[in-house]
Amino acid sequence: MDTKKFTKFFVIVFKIFAIGLLLQFLLQNFVTYILWRSGWIWNLIRLWKEIILIWLLIFILYFLRKNKQFKDFRHKFPLKNFLIIFLSIFVVVLLVTLIFTKLSIADYVISMRYSMTGFLIFMIFFSLSFLFFWTKEIDLSDRYVKALKWLLIASLFRWGIIWLVPRALEFVWYNQFSLEWEIWARPPAAYYTQYDHGYVRNQFIFERPISRGFFLIALWPLFFMLALRHKWWREITFWSGMYAICVMSTFSRAARWAFFVQTFILIFLQLDSKIRKKAWYAIIPVLLWFAVLTYIGRDQIIWRSFSNTWHIKEIARALGKIAEKPIAWQWVSTAWPASHQVEDVTAYNPENQYLQIWLEYGVFGFAWWMFLYLYLHYIGYVAYRREQQEKIIKKTRRFGKLVFAFSLWLLGLSIEWLVLHSFVDRMIVYPFMALFGIVYALYYKSVSKKKSME
């Protein structure tokens with residue numbers, strides 16, 4: 001097989017995968033509320049991304065079998081422990097579901113699709129990059145940085161339209177008079193800090209403002225590494241300020257906290273001492289300015305009664321459910337979002353990603369799931385430590401920075417998991433976990449190549 005041709009094809013598949021996920025919400029609205037199409041055929045089309053994943057997984061297995069590389073691949077594959085834990089969760093939870101519950105395999109699949117697909121994507125794209133060596137570095141070049149900068153400006157422009165002329169968005173299939181959570185209605189043109197009134201929140205082209213917050217938090221470390229690191233402090237100040245305004249415009253408190261934590265880590269670990277001082281001189285006034293604005297609008301920004309009451313109530317309820325069965329669990333698909341798609345199960349949102357996993361898979365399933373999650377942080381930490389060494393080659397150092405950036409995006413989403421469910425947001429998790437797998441494979445091969453030459 002010509003690996004160069006497949007590599008080009010693989011790049012095209014990834015671009016379709018990533019861009020398609022970014023545009024899915026808009027296209028789905030067009031099909032549902034403009035063409036008014038529904039039924040099993042359109043439901044199947046909506047699974048296009050999962051179909052791509054299944055096809056890629058089958059291709060990997062077919063390639064290994066055809067070329068008789070199973071044994072060699074199993075010996076060299078660096079994610080063996082990750083794969084074993086992943087499969088253990090699948091098998092044990094399946095057996096428990098079939099033996100001890102009245103739920104079906106379909107209910108089990110729905111739950112796994114939301115909670116485990118991100119890890120599967122990481123392994124699939126890692127394996128593809130591990131098997132088919134790329135002769136060129138991953139293309140995260142200047143044109144992508146420029147595109148991201150224009151997207152930041154475009155999102156603020158859209159936010160201004162929502163403030164001034166929300167009806168203008170009806171041309172792109174939104175509804176000025178819809179409110180959040182309305183079923184079988186076009187999505188609202190404007191989301192507000194108090195459900196149906198208050199400050200207008202920015203969502204850009206995403207489903208909800210919190211999804212926009214997820215995207216910005218996931219992208220921030222990568223944007224910092226590619227667009228700001230080693231730049232003049234004025235450029236750092238301008239674009240970091242622009243990015244901060246975009247985060248603030250979502251009025252997502254979880255996104256703001258995650259952004260501050262990520263920024264703090266990036267400044268101390270990725271900037272030299274001189275730039276770090278200037279960065280703080282620029283950032284402190286910005287933080288004070290935002291603090292003043294937050295105080296002035298505290299009722300709409302911090303003390304949002306509707307949201308606060310809902311979060312506290314549902315998290316307390318989830319803790320009560322866990323206390324009832326601390327070792328066992330409430331079974332798969334009993335918590336958001338699978339609970340909203342399974343019959344004979346009461347829809348329930350615990351408002352916390354970690355509690356959702358514990359409720360569905362018990363303490364042991366939660367521990368295994370946490371192993372997979374923490375492993376992705378571990379490889380980022382190792383990459384950062386190795387990047388501090390002066391002897392590593394330039395390509396390894398570059399990939400190491402990107403691995404660290406992806407580990408940090410996961411940390412940002414982890415902070416949001418305390419009150420939200422960002423790991424089940426497919427538009428965010430699917431493309432970023434795919435890119436994480438690609439980058440880590442290239443990094444691992446770069447490190448392995450250097451060791452073999454020593």
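## Briefing: salt bridges, buried sites, cores and helices

Glutamate 50 has a relative accessibility of 12% and therefore counts as buried. Here, buried means under 20% relative accessible area, exposed means over 50%, and partly exposed lies in between, using a 1.4 Å probe and protein chains only. This is a predicted model: local features need pLDDT of at least 70, side-chain atom pairs count only at pLDDT 80 or more, and totals for chains, interfaces and linings use all residues. Residues are numbered from 1 along each chain as its sequence is written, and side-chain values use heavy atoms, with hydrogens and water left out.

**Overall architecture**

- The chain has 16 helices and two strands. Both are DSSP runs numbered from the N terminus: helices are H or I with at least four residues, strands are E with at least two.
- Of the chain's 454 residues, 52% count as buried.
- Take the contacts in the chain with a separation of 6 or more: residues 24 or more positions apart account for 77% of them. A contact means heavy atoms within 4.5 Å.

**Salt bridges**

- Side chains of opposite charge can pair when their charged atoms come close. A salt bridge puts a side-chain nitrogen of Lys or Arg within 4 Å of a carboxyl oxygen of Asp or Glu.
- The count by this rule is four salt bridges.
- One of them joins arginine 113 to glutamate 50, with the closest N and O atoms 3.3 Å apart. This pair links distant parts of the chain: arginine 113 is in helix α6 (residues 105-131), glutamate 50 is in helix α3 (residues 48-66), and they are 63 residues apart.
- Arginine 113 counts as partly exposed, because its relative accessibility is 21%.
- Aspartate 72 and lysine 76 also form a salt bridge, at 3.6 Å from N to O. About one helical turn separates aspartate 72 from lysine 76, because they are four residues apart in helix α4 (residues 70-76).
- Aspartate 72 is partly exposed at 39% relative accessibility. Lysine 76 is partly exposed too, with a relative accessible area of 47%.
- Lysine 149 meets glutamate 235 in a further salt bridge, again 3.6 Å from N to O. This pair also links distant parts of the chain: lysine 149 in helix α7 (residues 142-164) and glutamate 235 in helix α9 (residues 233-249), 86 residues apart.
- Lysine 149 has 15% relative accessibility, so it counts as buried. Glutamate 235, at 27%, counts as partly exposed.

- Serine 407 is in helix α15 (residues 394-416). Its relative accessibility is 7%, so it counts as buried.
- Beyond residues up to four places away in sequence, serine 407 touches Leu376, His377, Gly380 and Phe436.
- Proline 431 lies in helix α16 (residues 426-453). At 10% relative accessibility, proline 431 counts as buried.
- Proline 431 and leucine 22 are 409 residues apart along the chain, with their C-alpha atoms separated by 8.8 Å.
- Leaving aside residues up to four places away in sequence, proline 431 touches Phe14, Phe17, Ala18, Leu21 and Arg426.

**Nonpolar cores**

- A nonpolar core is a set of buried Ala, Val, Leu, Ile, Met, Phe, Trp, Tyr and Cys residues joined through side-chain atoms within 4.5 Å.
- The largest core has 129 residues; Phe119, Phe122, Phe125, Trp369 and Leu376 touch the most other members. Its largest share, 16 residues, comes from α16.
- Tryptophan 369 has contacts, not counting residues up to four places away in sequence, that include Ile89, Met116, Phe119, Ile357, Trp417 and Phe423.
- A second, separate core has six residues, among them Ala318, Ala335, Tyr348 and Leu359.

- The expected span of a helix is 1.5 Å times one less than its number of residues.
- Helix α14 (residues 353-387) spans only 32 Å between its end C-alpha atoms, whereas a straight helix of 35 residues would span 51 Å.
- A kink of about 125 degrees in α14 is centred on glycine 362. The bend at a residue is the angle between axes fitted to the seven residues ending there and the seven starting there.
- At the start of α14, a side-chain oxygen of asparagine 352 comes to within 2.9 Å of the backbone nitrogen of tyrosine 354.
- Helix α10 (residues 253-270) has 18 residues and should span 26 Å; its end C-alpha atoms are 25 Å apart, which agrees.
- The buried residues of α10 include Arg253, Arg256, Phe259, Gln262, Leu266 and Gln270.

How values were computed: Polar contact = N/O pair within 3.5 Å; in protein donor to acceptor, adjacent residues only side chain to side chain.
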